[in-house]
Structures are given as structure tokens and as C-alpha cells.
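Here are my notes after going through the model you sent over.

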There are 2 protein chains.
Amino acid sequence: MYGELEVKGAELAADEGRNAAALAACRTLAEELTELQFPAPRILAFKEGSSESRYFVSRLIPAHKDPPYKQEANFHSSKHLTTEQWTKLKSSFVHFDDPSFCEWIRNLKVVPPEKRRSCRRWDLNIDLLGVIEVDDMAGVEQRQNKSGGGKYFFCSGGKKKEVKKETGLGLSFTKDENFGEWYSEVVVNGEMIEYYDISGCYILRPWAISIWEIMQTFFDAEIKKMKVKNCYFPLFVSPGVLQKEKDHIEGFAPEVAWVTKSGESELEVPIAIRPTSETVMYPYYSKWIRGHRDLPLKLNQWCNVVRWEFSNPTPFIRSREFLWQEGHTAFATKEEADTEVLQILELYRCIYEEFLAIPVTKGRKSELETFAGGLYTTSVEAFIPNTGRGIQGATSHCLGQNFAKMFEINFENEKGEKGMVWQNSWAYSTRTIGVMVMVHGDDKGLVLPPKVAALQLIVIPVPYKDADTQGIFDACVATVATLSDAGIRAEADLRDNYSPGWKYSNWEMKGVPLRIEIGPRDLANNQVRAVRRDNGAKTDISRVFLVEQVKGMLDKIQQNLFDVAKQKRDACVEVLKTWEEFVTALGQKKLILAPWCDEEDVEKDVKARTKGDMGAAKSLCTPFEQPELPEGTKCFASGKPAKKWTYWGRSY
Amino acid sequence: MYGELEVKGAELAADEGRNAAALAACRTLAEELTELQFPAPRILAFKEGSSESRYFVSRLIPAHKDPPYKQEANFHSSKHLTTEQWTKLKSSFVHFDDPSFCEWIRNLKVVPPEKRRSCRRWDLNIDLLGVIEVDDMAGVEQRQNKSGGGKYFFCSGGKKKEVKKETGLGLSFTKDENFGEWYSEVVVNGEMIEYYDISGCYILRPWAISIWEIMQTFFDAEIKKMKVKNCYFPLFVSPGVLQKEKDHIEGFAPEVAWVTKSGESELEVPIAIRPTSETVMYPYYSKWIRGHRDLPLKLNQWCNVVRWEFSNPTPFIRSREFLWQEGHTAFATKEEADTEVLQILELYRCIYEEFLAIPVTKGRKSELETFAGGLYTTSVEAFIPNTGRGIQGATSHCLGQNFAKMFEINFENEKGEKGMVWQNSWAYSTRTIGVMVMVHGDDKGLVLPPKVAALQLIVIPVPYKDADTQGIFDACVATVATLSDAGIRAEADLRDNYSPGWKYSNWEMKGVPLRIEIGPRDLANNQVRAVRRDNGAKTDISRVFLVEQVKGMLDKIQQNLFDVAKQKRDACVEVLKTWEEFVTALGQKKLILAPWCDEEDVEKDVKARTKGDMGAAKSLCTPFEQPELPEGTKCFASGKPAKKWTYWGRSY
């Protein structure tokens with residue numbers, strides 16, 4: 001813990017000409033303050049009113065031994081806070097067997113903050129915690145006092161814009177106030193992601209990979225039922241093959257990473273790393289497919305791909321390397337290809353709606369948004385209400401015969417006639433996980449839908465002084481055993497070095513759908529207390545009906561997450577018909593459904609006219625479920641006769 | 001099929017100044033000859049005695065309609081063959097409803113080959129097939145006759161040394177005669193591998209990936225029981241980090257592939273592709289590990305790695321990109337690390353012995369062979385009797401505290417004392433599949449152990465003329481249903497465009513452990529005929545006891561493969577004590593067990609003294625199970641006092 005502390009107070013003191021011993025003293029204090037706390041904070045001490053105080057953040061939840069009434073009795077300074085602030089502050093403290101609360105609190109004085117309109121983060125912080133003002137720093141008091149009577153604020157470490165290496169576990173930003181930073185923080189503090197020292201690359205930690213594996217198990221079994229077989233093609237592509245399909249390579253060329261050296265030797269020919277595998281695979285489709293009996297050929301691979309993008313790398317959503325599956329199939333007829341495109345799209349819908357609890361729209365992409373080299377692209381589109389941006393969830397492409405022509409994938413049919421195959425390709429990636437975080441996460445951290453959560457339920461013992469601690473621990477273990485036997489992914493957090501409160505916050509941060517608390521009262525009544533992560537609802541459950549009730553609650557959480565997400569998404573939909581309405585709605589971060597003439601130039605024009613800091617608007621998809629389009633309806637952008645309803649907006 | 005034919009006869013004719021119409025005529029003939037045959041051959045016609053006749057290869061199994069007696073009656077030329085040759089040839093033909101056999105045979109004349117000592121491939125071919133001599137080429141007879149009365153031999157396509165793109169389905173080489181080419185051919189024709197247009201990279205086809213997935217399912221579940229968690233770290237490493245551990249980078253530097261460009265832009269700093277992930281991961285271990293409660297940290301990833309090797313790329317065994325799992329764990333104590341090294345090694349033994357039916361030796365690597373940067377390396381070592389080479393099956397390394405020192409992976413123990421972690425890393429790769437092919441494969445193709453075979457059993461209908469074809473097909477479907485319900489991976493090959501014989505050969509090539517044939521007699525007797533891939537044994541099984549018997553047979557096949565492999569391996573072991581014996585044994589492709597002084601310089605010296613075309617000998621491992629080492633035993637190489645028994649030999 002020592003290594004992570006950064007004590008600005010000491011630096012400030014040093015700045016003011018104090019001797020270096022301040023550093024040691026501050027560290028000692030900081031270590032005391034952060035002992036056994038959640039979130040284990042990087043402690044900063046800023047002089048009130050200094051510019052750095054803008055980074056004042058988050059909450060400190062000390063572990064403590066005293067029962068609540070005693071805490072209150074000791075917390076003399078509470079009179080300086082409003083009732084609301086005091087309640088908030090208190091509610092973040094949870095009773096546990098540790099003396100540090102009282103000791104700590106004696107050295108602090110809580111005062112209401114001055115309202116500072118100019119500093120949003122300040123307000124934000126107040127809202128989270130109430131403000132803690134320190135005017136007596138044990139161990140450094142003389143120094144602090146000498147520094148001119150200034151007041152120092154202790155807070156967990158403020159973040160610079162680029163979160164890279166140093167991260168605490170608490171959230172410094174709220175989802176509504178600063179979505180981008182909240183997102184970066186929640187994926188890190190929820191232990192899904194670790195930032196990596198190469199920009200745009202991220203470490204996927206077990207908490208993320210477990211979600212990926214659950215989706216993979218589902219999808220892999222489904223495509224195997226469809227007779228798709230898994231294979232693995234090389235990571236590398238030779239330039240000649242990569243460039244064979246012109247539209248395709250135009251789409252990917254700027255993002256291709258090239259290997260030019262091995263050891264100390266230059267390669268004779270640079271070799272590309274696959275951005276996608278159409279050109280890697282199709283020369284061999286040409287070889288393997290001779291007659292109609294070789295069709296359909298249905299292959300899939302689970303692999304990594306590399307797209308060296310430069311704009312806004314974002315964990316899961318836009319990274320230079322990501323994991324995905326890519327299916328590549330070839331058929332004798334267009335009808336078969338068309339059918340499969342939609343079968344796969346339905347599986348993608350299922351992943352989003354039934355696993356990740358995220359509502360998506362199935363539809364077709366515009367000409368401009370069609371996969372490079374493909375015939376048409378279908379997708380499931382999700383929407384992030386906080387940013388007002390659409391996000392392409394997964395795509396199922398019909399490639400037509402374009403690649404077949406370039407790669408000479410021909411076959412002879414039953415009648416001995418030569419023909420070209422019809423091809424599809426389809427993929428979903430680790431982006432799914434990012435969308436899930438964005439849609440469901442809240443200011444306490446991740447919120448995982450039960451179906452994809454590695455851990456659906458965490459059991460936490462809540463021992464009180466003089467209570468039957470062993471009995472409580474035994475009940476926790478028994479509860480986990482009962483639930484595990486019933487197929488529920490449950491664990492108990494029996495660590496004795498963390499308070500129940502720390503554990504609550506920890507598992508809330510990690511998004512575990514259901515928490516079960518077992519304390520003395522529960523033990524006495526043969527019950528447990530269940531607390532839902534999605535809405536905080538608490539229910540006492542008799543241990544007699546444990547499995548049924550827990551199963552029911554998990555189902556309800558899954559459904560509720562979807563319902564709430566759908567309600568929020570639907571509330572953002574704006575159906576409109578004119579350019580003026582369009583511009584207004586775009587400014588309001590709406591998901592716009594508008595009649596369109598379906599002309600490529602018009603979409604280009606919309607893009608050009610909406611360019612700006614926030615990025616241009618574009619078509620998201622033409623939903624398969626079309627509202628009625630009355631005769632004579634005009635395109636919102638061109639005024640020409642409209643052909644269809646299409647979703648528009650900014651997008652990731 | 002047309003596109004794959006290559007008719008050397010025509011080329012020869014053209015060489016001799018004949019007009020180009022010969023080509024068309026030859027093609028027509030070749031198409032007739034290969035109609036519905038297995039293996040679908042690339043037809044070559046070589047003038048007898050020409051240098052190209054050395055490529056004469058393999059068998060032609062025509063599909064045919066006539067019952068066996070009729071075949072024989074029509075096969076006038078049989079008198080030219082010895083009884084043995086005739087039996088061999090005949091046994092490769094299987095009765096089926098197709099007229100082509102008689103038509104084909106009428107145009108052929110079978111004669112015994114002249115013995116040509118100078119040409120090994122010629123003998124090989126005779127052994128496989130008997131020799132078919134054509135003196136009457138329908139459609140090209142004038143031309144052939146005009147070319148000087150020469151005799152032309154038809155055969156399936158001969159292979160050049162580098163098999164790359166053009167491959168038929170039959171095997172041109174035998175395992176004993178030309179192991180290297182046999183191996184290249186069997187992985188391709190068994191549809192595990194397709195050669196790729198970048199040297200050293202291979203396409204892993206579904207037949208190989210299914211084996212990988214079965215092993216993965218086992219291993220992944222086992223390590224999860226050990227509380228190892230899956231994660232995914234980036235493919236890319238920055239040079240600074242890669243070079244942090246000096247011994248480690250020295251070991252890998254010559255093989256590292258470097259990305260230096262993205263799109264058209266040069267990267268500011270070249271970025272390496274992971275050859276293994278120690279240096280990728282450990283900076284983050286340093287970050288994540290603070291106190292003893294963060295230990296043990298046990299992570300694993302399933303991923304691809306790249307080692308740009310230049311020597312002898314071989315599918316599965318030595319490829320520039322391969323798939324593996326890499327486990328990386330950190331412990332508070334050396335004892336825990338030591339224990340895990342052996343737990344993992346036991347899982348690797350299990351993969352080899354219990355899944356792949358390959359005997360391995362557990363042991364410790366010499367100083368010289370220890371993992372770059374590690375403390376000690378344990379491995380499971382397999383042996384390939386045909387080449388007399390050992391092969392490192394999988395490795396479980398204890399890294400000691402070397403990486404911990406370089407990457408500052410420190411923690412505070414219960415007493416508040418600072419310490420460094422002890423680390424392990426361990427991996428097995430797709431190499432496992434190559435070892436399996438090498439050990440079990442035979443001249444008919446792959447031989448898959450039932451436990452890893454995607455398809456454990458193939459059911460083939462054998463309809464006769466006037467038999468109840470529908471009844472037979474129904475029985476096949478019912479048989480598969482019964483077996484599938486019992487958890488056996490079974491399918492029926494009901495294709496109506498291939499003869500039973502073609503199917504037999506096809507599934508033999510692919511190594512399916514058990515074949516079930518159902519013909520009219522079987523239908524009448526409510527039985528099936530089971531044919532084992534490993535030893536060809538045929539058994540009639542009552543359908544009443546189908547599941548039990550099949551399960552029993554699969555178990556026996558699994559066991560028999562292991563027993564035979566062990567017997568062959570054990571037969572190669574040579575226990576010896578002197579340098580002279582060593583040199584002799586090495587020449588005899590033995591697996592040598594010799595007393596050794598365990599000095600690094602001595603191993604270097606052994607390497608230097610055995611250098612040659614075949615590669616130098618080296619220590620393979622010091623087996624954990626040590627024979628008694630009598631007092632005063634001398635090292636076989638240095639004459640110094642021996643410390644241990646160690647396995648030596650050439651290796652992959």
C-alpha cells in the first residue's frame with residue numbers, strides 16, 4: 001500500500017520551503033488513514049482553494065470497530081454538516097471490528113463545503129461524500145500549522161485526463177457528469193481492464209474474460225448446431241493477397257500494422273497483421289471448393305485482430321487489438337446466404353438482449369456504411385443514452401460474389417454448370433462488453449447482468465461483536481454450497497481483513513448482481529438478506545426457500561436491467577421529418593428515426609453538414625421493422641421522396 | 001475435379017513433338033479414370049524408366065458396380081501378378097454400385113513390376129498397390145503407340161519436396177521410408193493442416209482445431225479447479241519491457257517479429273510481437289501484488305504467439321505462429337511454486353498419456369536447456385521412434401525470483417516484512433497435435449485416439465444391389481442416434497456419391513477410431529460390423545449390446561494406442577555408460593539413458609562432438625524416476641563421477 005500513496009500535502013509543504021521530513025510524516029499519516037479502507041485510495045492533501053483542490057474526489061470509507069451509536073457520539077463535528085450530508089457520510093460507513101474509525105474521526109472535523117459554482121468536480125465530490133475538512137494532522141500538525149493556518153482536504157487521488165497506470169478502486173467521476181472518465185475508471189476499478197503501456201492496447205483481466213467466455217460458450221454451441229466448424233488461420237497476410245480485393249483493402253489499409261523485421265533482419269517483403277480474415281481465408285476457399293458437394297462451407301475462428309486506429313482509443317470499444325469471432329461461409333445460392341445472414345443476426349440479438357440485457361435494433365446498413373467489399377451489411381445497433389451515440393453491436397455481412405470473383409471461388413453445380421459461390425462473413429467482438437458497461441454501469445461501478453456474470457451472487461458474513469461469528473461463517477459456506485448445487489454461480493467473501501462495508505463496496509464496484517448478507521439476526525431467524533445490485537432493493541429470504549427465491553431474483557434482475565435499458569433507450573428516440581428537427585434532436589443527443597431517400601450523396605451531405613467537435617451524424621441502420629411510410633413523405637435531409645425510415649445519430 | 005488433373009503423359013507427348021490435342025485426350029482419359037475414386041488423385045502418366053517414374057505413387061481405388069466374383073472374371077490380367085500382389089490389389093477394391101470398375105479394368109493390364117533396387121519409391125509403390133501398367137490408352141492410343149511402344153504408368157500425383165498448394169488425398173510416402181514427407185502429407189491429406197503462402201505459417205483446419213478444443217476443455221477445467229483465472233494480455237510488447245530481463249531476451253531476440261509501420265506511417269518505436277508473455281505480464285504483476293493477501297496470483301491465457309524461426313518449419317511442431325496456453329503464477333514462497341510446477345506437469349502428462357495416448361517422461365531439464373531467465377525447467381518428453389528424436393512435449397518452469405527482481409514484484413508478508421514473489425510459467429501448444437500424428441499415424445493416414453477424436457465413430461452404409469437400401473440407411477441413422485445418446489461422438493456418412501470403399505479410405509485417412517459398416521447381412525442379423533482403425537480388427541456386434549460394446553472398443557483402442565506407442569518407445573531406449581556406446585546408439589536412433597556428471601560444459605562438448613547433418617545430440621531430461629546409480633559410476637561423456645541418469649538424443 002505504501003508504494004501507492006502520493007501525499008500532495010507533503011509536496012506542498014516542501015514547495016513552501018519546509019524540510020523533507022514532512023514527506024515521511026505525511027506518509028505515516030496517510031497510511032494510518034487508509035488502513036483497511038475502501039476504496040484503497042491514493043491519498044492527496046490539498047490546501048483549500050488551491051487549483052489542485054479541483055481534483056478533490058470520492059469517498060473514504062474507514063473500517064471501524066465501534067457500533068453506529070458510538071460512532072455518532074464520537075463524531076462531534078457532525079453539527080457542521082446538513083442532515084442530508086451527515087446521513088450520506090454516515091451511510092457510507094459500515095460497522096466492523098476495527099478501532100480505526102474512532103481514532104481517525106477524532107482527528108477530523110466535518111464541515112459543509114462552500115458552494116463553488118466554478119468548480120464542477122467540487123460539487124460532484126460534495127454530492128458523493130460530504131466534505132471532510134482537516135485542521136489537525138496527527139504527526140504533521142506543527143508543520144501544517146506553520147504553513148499559515150491553511151485547511152487541508154484529504155481525498156482519494158484525483159485523476160488526470162489520461163488514466164494510464166495509477167488507479168485506485170473508487171470512482172472519481174459520475175456517469176452523468178463525465179461519462180468518458182467515468183467509463184475509463186469503471187472498467188479499471190471494476191477490474192475488467194488494466195491500461196497497457198502501448199496506447200490503444202488493453203489488458204483484459206479475468207473479470208472481463210469470464211464474461212467473454214460465457215458468451216463464447218453460448219455462441220459457439222449455437223453455430224455448431226448450424227454446422228459451422230471452428231478453424232484457425234494465420235495472423236499474417238502477405239501484401240499481395242491482402243490487396244486483392246480493392247474496395248476491401250481501401251477500407252482497411254490505413255489501419256494495417258506491418259511486420260518488417262525479425263530479430264535483426266529486415267524481411268524481404270513486409271507482412272501484414274490481419275485486420276480481418278477475408279483475404280487470409282478466401283484463397284483457400286478457392287482451393288477447397290470444387291463442386292456443389294463442397295458447399296456450403298462454414299468456418300469460424302476465435303482470434304485476435306489488429307487495427308491500428310489513431311482516434312480515441314477506448315477500452316473494449318475501440319482498441320488496436322481485440323478479440324472476436326469471425327465466421328466465413330460460402331453457399332451455392334444467394335438464398336442460402338441471405339438466410340444465414342439473418343440467422344446469425346438473430347444470435348447477435350440474443351447475445352445483446354438475452355445475455356447482456358441491452359436492447360438492440362436489427363437493420364440494414366446504408367451503402368456508405370456497408371462492409372468494404374461486401375454486398376450488404378446487417379447489424380444489431382445499440383445506443384448509449386449518456387452520450388447520445390449509437391454503437392454498432394455486431395455485423396452480419398452478405399459479401400455477394402465480389403470476393404468469389406477476386407479469389408476465383410468457383411464450383412460446378414449438379415448439372416455440371418460452373419458458378420461462383422455466395423459468401424457471408426459475420427463477427428462480434430469484445431466490444432460487446434464495453435457496451436454492457438456503458439449501458440448498465442452506475443456511480444457505484446459495474447452492473448453485470450446475471451446471465452453473463454462469472455459470479456452471480458456474493459455471500460458476505462456480517463459478524464457483530466459477541467455474536468456467533470463461527471455460526472455466521474458456517475451459514476455463509478452452507479448457503480454457497482446450496483446455491484452452487486443448484487447451478488448458481490455463488491461465492492462467499494470470508495476474508496477477515498476487510499469489513500463488510502468494504503466488501504459491499506468492492507462487490508458493488510465489480511457489479512455482482514446479488515449480494516447476500518448473513519448477520520446474527522439472520523442466523524437467529526434462519527434467513528438471509530438479499531440485496532440487488534441493480535436497484536439496491538433488500539429482501540429477507542428464508543433459507544428454506546433460498547434456491548427458488550434467488551433464482552427468481554436473478555431472473556428479475558436480468559429482466560429489469562433490460563427493461564430499464566430499453567426504457568432509457570426508447571426515451572431517446574425522436575421520430576422526425578425535417579432538417580431543423582434533426583439538428584435540434586442531434587443537439588439533444590437523440591436517437592433519430594427519420595424518413596430518408598436512401599441516396600449515398602445525401603448521407604455524405606448530412607455528414608458534412610453536421611461535422612463538429614462531437615463528430616458528424618450518420619445513418620445507423622434502416623430497421624427491419626419499418627413504421628408506415630405514408631405516400632408522399634419526404635426525405636428529412638434532401639426533400640426528395642423518402643424510401644424508408646432510417647435511424648440516424650452520432651456513433652462510436 | 002478437372003482443375004486438379006495434371007497429365008504428365010500429355011506433357012511428355014508434347015515434349016516429343018506431338019501436337020497439343022494430346023493434352024485434351026489425356027485429360028478426358030484421366031477424368032474417366034479418376035471418376036469417383038479414392039483418393040481423388042492428381043493423375044500422372046510417366047514413361048517407364050523415365051526419371052519422373054520415381055514419383056510413381058499410391059493406390060487407385062475405383063468405385064465399381066460388379067460383385068467381387070465378376071470383377072475377378074473381368075480382370076483378365078490378374079495372371080500377371082503374384083498371388084500376394086493380386087490379393088493386395090483386390091482388397092483395396094470394394095464392391096459398390098458403379099459400372100466404372102469393369103470399364104476401367106478392361107483398359108488396364110496389371111503386371112508385376114520389375115524390381116528396381118535403385119528406386120526406393122518404386123518399391124514403396126508396389127508394396128502399396130501392385131503396379132498397373134497401361135498399354136492401351138483409350139482415346140490416345142495412336143499417340144501413345146507412336147511414341148515408341150513405351151509403356152505408361154498411371155498413378156496418383158507425385159510430390160515435390162516442398163508440399164505447398166497442390167495436394168491430393170492419398171499418401172505418396174510411407175511412414176517408415178520417408179518419415180518427413182509422410183508427415184507433411186498426412187497432416188494435409190488428413191485435413192488437419194493446409195499449407196499457407198507465408199512460410200512457417202499453417203492453417204489449422206477444423207479437424208485439428210476440434211482436437212485442440214477437446215484438450216482445452218479438459219485443461220481449462222483443471223486449472224480453474226486450481227483457482228487459475230483466464231485473462232488476455234496484448235499481442236504487442238514495447239522494446240523496453242521486452243529487454244528488461246537479459247537472459248530471457250537473449251533467448252528470444254533472434255526470433256522476435258517487429259511491427260514498424262501502420263498504414264503508410266512508420267511507428268515512432270518498433271513494437272514486438274510476443275514470443276511468450278513473461279515481459280508483457282510481469283510489470284502488471286508488480287502493480288497488482290502489494291501484500292501477502294494478493295498472493296498467490298494465478299493467471300492463464302489462451303492465445304497465439306510468434307517466433308520467427310528459420311530452420312525447418314514443420315506443421316504443429318515448429319511454426320512461426322502457434323496457439324498455446326501460458327500460465328503465469330506468483331507465490332509468497334518457493335514451496336508453493338515448487339508444488340505447482342509439478343501439479344501442472346502432471347496435467348501435461350495427463351494430456352499426453354491419457355488423451356493423446358503418448359507415453360512421456362517427466363523430468364528436469366539441464367542447465368543448458370532451462371527456460372531463458374528461469375530457475376529450473378521441468379518437462380514431459382515424448383519420443384518419435386521413426387526419427388529417433390526426442391520432443392519436448394510441454395514445459396512447466398519455476399522462474400524463481402529472477403523476473404521478480406527485474407520487474408520489482410514485491411510484497412509485504414504477515415509480519416510486515418518485504419519479500420519478493422516466487423514465480424512459475426507453464427505452457428503447452430498445438431505441438432501436442434503434431435506429436436500425436438507422428439506417434440500414431442500410419443500409411444493409411446491419421447490415427448486418432450478416441451478421447452481426442454472429434455468423431456469417434458463413423459457409420460457407413462454398405463448397400464448391395466437389390467438389398468433393402470432404405471432399411472440399411474435407416475439402421476445407420478438409428479445407430480448414430482443410439483450412440484450419440486450414450487455420449488459417443490458418432491456420425492453416419494450417408495453421401496450417395498461415394499462408394500463404401502471411398503468412404504472407408506476417407507475416414508481411415510482422417511483417423512476416425514472406429515468404423516461401423518451396415519450391409520444387408522448385418523441388417524438381417526440385427527448386427528453391425530465394427531472395424532478398428534488402430535489394428536484393422538473386425539467384430540460383428542449385436543445391435544442389442546451396441547452401446548456397451550462400442551464403449552468397450554473405444555476404451556480398448558485408446559489403451560492399445562498407448563500400449564503400442566509405449567512398447568515402441570521402450571524398445572528404443574538404450575541404457576549405456578560409455579561414449580562409444582553412445583555414438584553407436586545415436587546412429588541407431590536410440591533414446592539414450594546414460595549416467596552424467598551434470599556439468600554444462602560437458603553437455604556443450606557432447607553437442608559439439610555430435611554435430612552433423614542430423615543435428616547434434618543433447619540432454620533431453622533427467623527423469624524424476626531415477627534408476628539406481630551405483631557408487632563410482634562415471635559420466636558417459638566426461639568420465640567424471642556421474643550424478644544422475646539423464647536421457648540424451650537428437651530432438652525436435
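1. Let's start with a surface lysine. Lys418(B) is exposed, at 63% relative accessible area. Do keep in mind that this is a predicted model. The residue belongs to strand β17 of chain B, residues 418-420. Leaving aside residues up to four places away in sequence, Lys418(B) touches Phe411(B) and Glu412(B). With Glu412(B) there is a polar contact, side chain to side chain, at 3.0 Å. Thr370(B) is another matter: 48 residues away along the chain, its C-alpha sits 28 Å from that of Lys418(B).

2. Still on chain B, have a look at Asp555(B), which lies in helix α19 (residues 546-572). Asp555(B) is exposed too, with a relative accessible area of 54%. Here the sequence and the space tell separate stories: Pro449(B) is 106 residues apart from Asp555(B) in sequence, yet the two C-alpha atoms are 9.4 Å apart.

3. Now the overall picture of chain A. I get 21 helices and 27 strands, and 59% of its 652 residues are buried. Of the contacts in chain A with a separation of 6 or more, 70% are between residues 24 or more positions apart.

4. How much area do chain A and chain B bury between them? About 5100 Å², with 59% of that on carbon and sulfur atoms. Chain A puts 60 residues into the contact and chain B puts in 58. Across the interface there are four salt bridges, and one to click on is Glu213(A) with Lys224(B), whose closest N and O atoms are 2.9 Å apart. There are also 30 residue pairs in polar contact between the chains, both residues at pLDDT 80 or more. On the chain A side, strand β9 (residues 257-262) gives the largest share, six residues. By residue type, that side splits into 35 nonpolar, nine polar and 16 charged.

5. β9(A) pairs with β9(B) in the antiparallel sense, over five bridges. Val259(A) stands opposite Val259(B), while Ser262(A) faces Ala257(B). Zoom out and you'll find an open, antiparallel sheet of six strands, ordered β8(A)-β10(A)-β9(A)-β9(B)-β10(B)-β8(B). The β8 strands (236-237) of the two chains stand at the edges with a single partner strand each, so one side of each has no neighbour in the sheet.

6. Next, a strand in the interior. Why is β25(A), residues 591-596, described as largely enclosed by the rest of the structure? Because six of its six residues are buried. In a regular strand, side chains alternate between the two faces of the sheet. Here both faces are covered: Leu591(A), Leu593(A) and Pro595(A) are buried on one side, and Ile592(A), Ala594(A) and Trp596(A) on the other. β25(A) pairs in the parallel sense with β24(A) (residues 573-575) over three bridges, and Val573(A) stands opposite Leu591(A).

7. On to the charges. By the rule used, there are 62 salt bridges over all chains. In one of them, Glu346(A) meets Lys362(A) at 2.6 Å, N to O. This pair joins distant parts of the chain, with Glu346(A) in helix α13 (residues 334-355) and Lys362(A) in strand β13 (residues 361-364), 16 residues apart. Glu346(A) is partly exposed at 31% relative accessible area, and Lys362(A) is also partly exposed, at 24%. Both belong to a salt-bridge network that includes Arg349(A), Glu353(A) and Glu354(A).

8. Thr622(A) counts as buried, at 10% relative accessibility. Among the residues that Thr622(A) touches, beyond those up to four places away in sequence, are Lys362(A), Gly363(A), Arg364(A) and Trp645(A).

9. Asp493(A) and Arg495(A) have their closest N and O atoms 2.8 Å apart; Asp493(A) is buried at 4% relative accessibility, whereas Arg495(A) is partly exposed at 33%. In chain B, Arg609(B) bridges to Asp605(B) at 3.1 Å. These two are four residues apart in helix α21 (residues 600-610), so about one helical turn separates them. Arg609(B) is partly exposed at 41%, as is Asp605(B) at 35%.

Methods: Residues are numbered from 1 along each chain as its sequence is written. Chains are lettered from A and ligands numbered from 1 in the order in which they are written. Side-chain values use heavy atoms; hydrogens and water are left out. Contact means heavy atoms within 4.5 Å. Buried area is the accessible area (1.4 Å probe) that two parts lose on being put together, summed over both. A salt bridge is a side-chain nitrogen of Lys or Arg within 4 Å of a carboxyl oxygen of Asp or Glu. A polar contact is a pair of N or O atoms within 3.5 Å; within protein, one must be able to donate a hydrogen and the other to accept it, and residues adjacent in sequence count only if both atoms are side-chain atoms. Ala, Val, Leu, Ile, Met, Phe, Trp, Tyr, Cys and Pro count as nonpolar, Asp, Glu, Lys and Arg as charged, and the others, Gly among them, as polar. Two strands pair if DSSP finds at least two bridges between them. Buried means under 20% relative accessible area, exposed over 50%, partly exposed in between (1.4 Å probe, protein chains only).
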